[in-house]
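Colleague: I would like to learn how to read a model of this kind, feature by feature. Could you take me through it, starting with how the chains meet?

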Amino acid sequence: MDRSKLIKWLKEPMKMSNKYSLHVVYFCTGCGIIEIPPSITARWDAERFGVKPVATPRQANLFLITGYVSLKTLKPIIRTYEQMPEPKYTVSLGSCPIDGGMYWDSYNTINHLDKYIPVDGYIAGCMPRPEAIFAGVTHLWTMIDKGMADGYVKYRENYEQYRSNQEEIYADLGWPPLFGVSNQDEQ
Amino acid sequence: MNNKITELIESSFRDVDVELIEEDRVRVNVKQESLLTLLNFLKENRYSHLALISCVDRIEENFFELIYIVSPYMQQDESYTEREKVNVILKTKLPRENAQIGTAIEIFGAAEPYERELHEMFGIEFIGHPRLTPLFLEREYDIPPLRKDFDTRAYVEEKFGSIPPVED
Amino acid sequence: MEVISEKQISESSRELELYFGPQHLGMVGNFSITLKVQGDRIVNAEANPGYLHRGFEKLMETRSWIQNFPLVCRVNVIEPGSIEMIYSMGVEKLAGLEVPERGKFVRSIYLELSRVSSHLFALWAYSKMLGFDTVGQWAMYHRDLILDLFEDLTGGRVYNIYIWPGGVRRDLPEGFEEKTKQTLHKIGNKVPDYNDTFFNNRIFHERAKGIATVTREQATRMGGTGQVLRATGMKYDIRKVEPYAAYDQVDWEVPTRRDGDAYSRVMVVRDELIESVHMIFKLLDKIPDGPVYNSIPNPFKWKVPKGEAYVRSECSRGELGFYVASNGGKSPYRAHFRTPSLPHGLTVLEKALEGESISDTGNIMMSLYVTAPEIDR
């Protein structure tokens with residue numbers, strides 16, 4: 001390890017150890033799940049990047065949204081995202097969460113995922129190769145270094161807008177707001 | 001050999017319309033009232049595999065066309081005969097308003113999920129089905145989604161197009 | 001003699017409702033089962049699909065016949081080649097197109113390679129449910145070698161849109177046959193290790209023998225096909241009943257077992273994998289020369305004549321069928337896929353789970369080979 005890296009570790013140990021051990025929630029949300037088992041097994045080993053899947057969202061800090069999002073899946077995604085402890089990062093694979101992809105005119109898929117939960121980065125490909133997933137993870141490290149991966153901070157600050165967008169889709173969400181929303185509790 | 005099932009159906013039922021459309025496919029047009037009797041007859045003649053129940057929306061002629069596809073499983077364990085290739089495609093017509101027909105669950109146990117799916121996608125009611133609850137869809141639509149008068153692009157524009165993006 | 005009090009009996013017979021839901025370490029795919037349990041035993045199970053529903057049948061009606069090819073191969077992500085083949089067979093039947101001889105052989109080789117990769121994926125998922133990690137790592141590695149072959153052939157690892165109406169898109173590249181034989185030799189040489197580590201292992205036998213038995217009467221009544229039927233002794237395989245592509249020009253056997261439990265189903269998968277590997281060698285020896293496709297009219301203005309057709313084939317999970325109706329226009333009027341996971345995942349699964357223990361849920365679901373995107377389409 002050279003001198004500059006050693007100084008980084010000594011100055012900000014929390015950020016460095018956070019970066020190099022991103023634990024992924026094990027949730028297969030869409031068709032991208034076909035390239036995740038090759039990434040976590042022996043040939044394209046993801047554990048050398050510190051990435052490994054864990055069982056519950058309470059132990060994870062990276063959420064990979066693998067592909068398109070349907071109406072029925074968005075509710076568990078929001079619920080899982082809210083259960084993760086901070087700091088947490090979201091990365092989505094493919095072109096379907098950006099703009100709809102090839103299911104843009106379907107009555108059962110969500111076109112812009114950005115309006116419902118904050119997304120830090122997008123990885124191109126349909127489906128992205130394991131090498132592309134690793135390139136995305138290393139880019140996320142640079143973003144964490146510079147402080148640009150702050151989706152969770154934006155979620156906390158603009159929670160009212162996110163919550164009203166979520167309530168437009170579902171008539172009753174089933175759980176109370178996560179962060180205290182103005183004067184609703186007192187009335 | 002392939003014509004055997006056509007002769008059998010024609011000799012036992014009146015007012016059905018049987019024709020051999022390809023080498024191994026027999027198409028039978030039958031009226032709604034005698035559909036279940038014909039299905040039972042086919043099952044007793046060893047045609048016991050219900051492969052698919054489907055529906056086509058003929059909006060111009062104003063009816064639904066229900067389609068049942070049955071084929072035989074193997075008759076002997078070890079050898080294959082010509083008979084196993086034949087599939088019988090049964091078709092019947094239903095009116096578009098208030099479409100109702102009896103369920104085929106007592107004859108073929110495999111019919112249960114297909115009838116549930118057709119109920120929520122087209123709005124057809126199967127009388128006697130024990131569990132006609134939604135299967136794939138998460139919400140109710142005004143017009144069932146697979147009908148030809150449901151415009152999916154207009155629905156997406158109206159329902160999701162007005163949600164604003166989140167700004168800092 | 002133990003004396004059990006009234007209070008103990010009433011507490012232990014309380015019924016709980018659990019969700020083996022979409023976010024779960026034991027779930028492969030996005031699917032959910034609602035279980036009602038008493039103690040450790042499942043009393044009632046209800047499958048809850050719909051998390052991956054995209055409305056394919058509505059989308060296919062607004063795109064032209066050729067534009068549907070890239071769309072349709074995403075119906076099942078684990079084996080996209082089988083769905084491309086069945087769509088192409090339906091369109092060819094309506095339009096009256098013929099496939100040349102070499103095209104049929106190349107299609108069979110491509111489909112058998114897809115089948116081997118799909119069975120290796122199932123082996124990873126199943127052994128992960130039981131806790132055998134080493135076998136899973138080997139299976140994924142060998143599957144990756146086959147995906148390298150696909151990359152040589154078409155450029156894409158997973159979604160290769162290779163089958164075209166009238167044949168395949170382009171011929172086999174140079175050196176492909178040598179590479180295929182080397183890869184398959186590598187997989188074949190590892191089979192004794194797979195046998196020693198997993199298939200002859202006493203732990204696998206105790207966890208899979210006698211679990212979730214589906215008899216032949218139950219399977220035929222509930223619409224089961226594929227491994228669910230072949231594990232009860234019936235040699236029902238559409239490649240023998242109604243041959244398509246080049247399956248009637250090589251000799252091969254359909255493997256079966258007798259008992260109908262989870263052990264028999266997994267052993268049928270293993271036997272089919274070995275049979276497919278032998279079949280690819282035979283096909284590579286017999287392949288003739290010639291063109292690989294017959295040309296079609298201008299795809300941007302192609303109108304398929306009016307009619308309807310039902311075609312069927314055998315994919316790695318069971319009988320795959322396709323019903324298509326055309327009105328003489330530029331898009332299909334109605335397209336409906338008959339996928340094998342719909343009766344297996346909804347009717348057979350609910351019946352097979354009754355009376356079993358909770359810890360065997362993933363085991364049973366994977367032995368029936370239920371893949372979630374195929375149920376919802």
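Modeller: Keep in mind that this is a predicted model. Where chain A and chain C meet, the contact draws 29 residues from chain A and 27 residues from chain C.

Colleague: Which helix gives the most to the side of chain C that touches chain A?

Modeller: That is helix α6 (residues 133–154) of chain C, which supplies five residues. Sorted by class, the side of chain C that touches chain A holds 15 nonpolar, eight polar and four charged residues.

Colleague: Let us turn to a single helix. How does one read which way its residues point?

Modeller: An α-helix has 3.6 residues a turn, so residues three or four places apart point the same way. In helix α6 of chain A, the buried residues are Pro130(A), Ile133(A), Val137(A), Leu140(A) and Ile144(A). Viewed down the axis of α6(A), these buried residues fall within an arc of 65°, and therefore they line one face of the helix.

Colleague: Which residues lie on the other side of α6(A), and what covers the buried ones?

Modeller: On the other side of α6(A), Glu131(A), Thr138(A), Thr142(A) and Lys146(A) are exposed, while the cover over its buried residues includes α2 (13–19), α3 (36–40), β4 (89–93) and β5 (121–123) of chain A. The length of the helix can be checked too: at 1.5 Å a residue, the 17 residues of α6(A), residues 130–146, should span 24 Å, and its end C-alpha atoms are 25 Å apart, which agrees. After α6(A) comes Gly147(A), which has a positive phi, near 80°.

Colleague: And how should I describe a pair of helices?

Modeller: Two packed helices are described by the angle between their axes and the distance between the axes. In chain C, the axes of helix α4 (residues 80–95) and helix α5 (residues 101–130) come within 8 Å and cross at roughly 145°. Gly81(C), Ser82(C) and Met85(C) of α4(C) make this contact with Arg107(C), Tyr110(C), Leu111(C) and Ser114(C) of α5(C), and by class it has three nonpolar, three polar and one charged residues.

Colleague: Finally, what can be said of chain B as a whole?

Modeller: Chain B has four helices and seven strands, which follow one another along the sequence as α-β-β-α-β-β-β-β-α-β-α. Its radius of gyration is 20 Å, well over the 15 Å that the globule rule gives for 168 residues, so chain B is more spread out than a compact globule. Its C-alpha atoms fill a box of roughly 75 × 40 × 35 Å along the principal axes, and 31% of its 168 residues count as buried.

Key:
Residues numbered from 1 in each chain as written. Chains lettered and ligands numbered in written order. Predicted model: local features only at pLDDT ≥ 70, side-chain atom pairs only at ≥ 80, totals over all residues. Helix = DSSP H or I, 4+ residues; strand = E, 2+ residues; numbered from the N terminus. Expected span 1.5 Å × (residues − 1). Buried ≥ 20, exposed ≤ 12 C-beta atoms within 10 Å, placed from the backbone. Arc of directions from axis to C-beta. Contact = placed C-beta atoms within 7 Å. Nonpolar A, V, L, I, M, F, W, Y, C, P; charged D, E, K, R; others polar. Axes fitted to C-alpha atoms, helices over the stretch in contact; angles between N-to-C directions. Rg over C-alpha atoms; globule rule 2.2 N^0.38 Å.
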